[in-house]
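Colleague: I would like to learn how to read packing features in a protein model. Could you take me through some, one at a time?

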Amino acid sequence: MHPQPESYWGNVNPVGPRGVYDEAKRFAEAITMAYHRFHGLDTRIVRIFNTYGPRMRPHDGRVVSNFIVQALKNESLTVYGDGRQTRSFCYVDDLVEGIIRLFERGGPDPTNVGNPIEFTVRQLAAEVLRLTGGRGSLVERPLPVDDPKVRQPDITRARSMLGWEPVVSLEEGLQRTIDYFRRLNVG
């Protein structure tokens, strides 16, 4: 489903390479709701979408950190698949604000907190190269099994219930993240 509202229950391969990641998130939501219902606990469920920013680990395997480290080293940027798959990148400060508002004003049902603006992986790569001044090219590798083709949150609930939406642009957030990685001397 695209974009993904909170009512979307997902369609995952429980025995695929991503199965543990996908099913762990589903289990966490299920157990949280079970505690809410059975014990009457005041709970919150936040659905986080592709967060990035300073303090990311340089080699955590996520696309933003991978691209920044490769660009700062003037290496080719590794694109999995053809790079037309999309992601919605939420800067960490925006995410934290959304989570705080959810804890203060939200209810027990899942709430998407992410940036609804989509970019292709190729667009992200081009922006990282532009901002870093990197001279590498793009190298395509096979797309991992069960890798999602699109990822975009529907943040209607967060907007209406929390008065929240992201404010940091991809360019600004990437620049802050690149500056952090430069301070780490990863290039």
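Colleague: Are Y52 and Y91 buried or exposed?

Modeller: Buried means under 20% relative accessible area, exposed over 50%, and partly exposed in between, using a 1.4 Å probe and protein chains only. Here, both Y52 and Y91 are buried. F89 is buried, as is Y52. This is a predicted model, so keep the cut-offs in mind: local features need pLDDT of at least 70, side-chain atom pairs count only at pLDDT 80 or more, and totals for chains, interfaces and linings use all residues. Residues are numbered from 1 along each chain as its sequence is written, and side-chain values use heavy atoms, with hydrogens and water left out.

Colleague: How many aromatic pairs does a search of the whole structure find?

Modeller: Rings of Phe, Tyr and Trp (its six-membered ring) pair if their centres lie within 6.5 Å; planes under 30 degrees apart count as stacked, over 60 as edge-to-face and the rest as tilted. The search finds 3 such pairs. In one of them, the rings of Y52 and F89 have centres 6.4 Å apart and planes at 85 degrees, so they are edge-to-face. Y52 and Y91 also pair edge-to-face, with 5.6 Å from centre to centre and 70 degrees between the planes.

Colleague: Which parts does the pair of Y52 and Y91 tie together?

Modeller: Strands (E, at least two residues) and helices (H or I, at least four) are DSSP runs, numbered from the N terminus. Y52 lies in strand 2 and Y91 in strand 5, so their pair links parts 39 residues apart in sequence. Together, Y52, F89 and Y91 form one aromatic cluster.

Colleague: Now for helices: at what angle do the axes of helix 2 and helix 4 cross?

Modeller: Two packed helices are described by the angle and the distance between their axes. Axes are lines fitted to C-alpha atoms, for helices over the stretch in contact, and angles run from 0 to 180 degrees between N-to-C directions. For helix 2 (residues 63-72) and helix 4 (residues 121-132), the axes come within 9 Å and cross at roughly 40 degrees. That makes helix 2 oblique to helix 4; angles under 35 degrees count as roughly parallel, over 145 as roughly antiparallel, 65 to 115 as roughly perpendicular and the rest as oblique.

Colleague: Which residues make the contact?

Modeller: Contact means heavy atoms within 4.5 Å. Helix 2 contributes V63, V64, F67, I68, A71 and L72, while helix 4 contributes V121, L124, A125, V128, L129 and T132.
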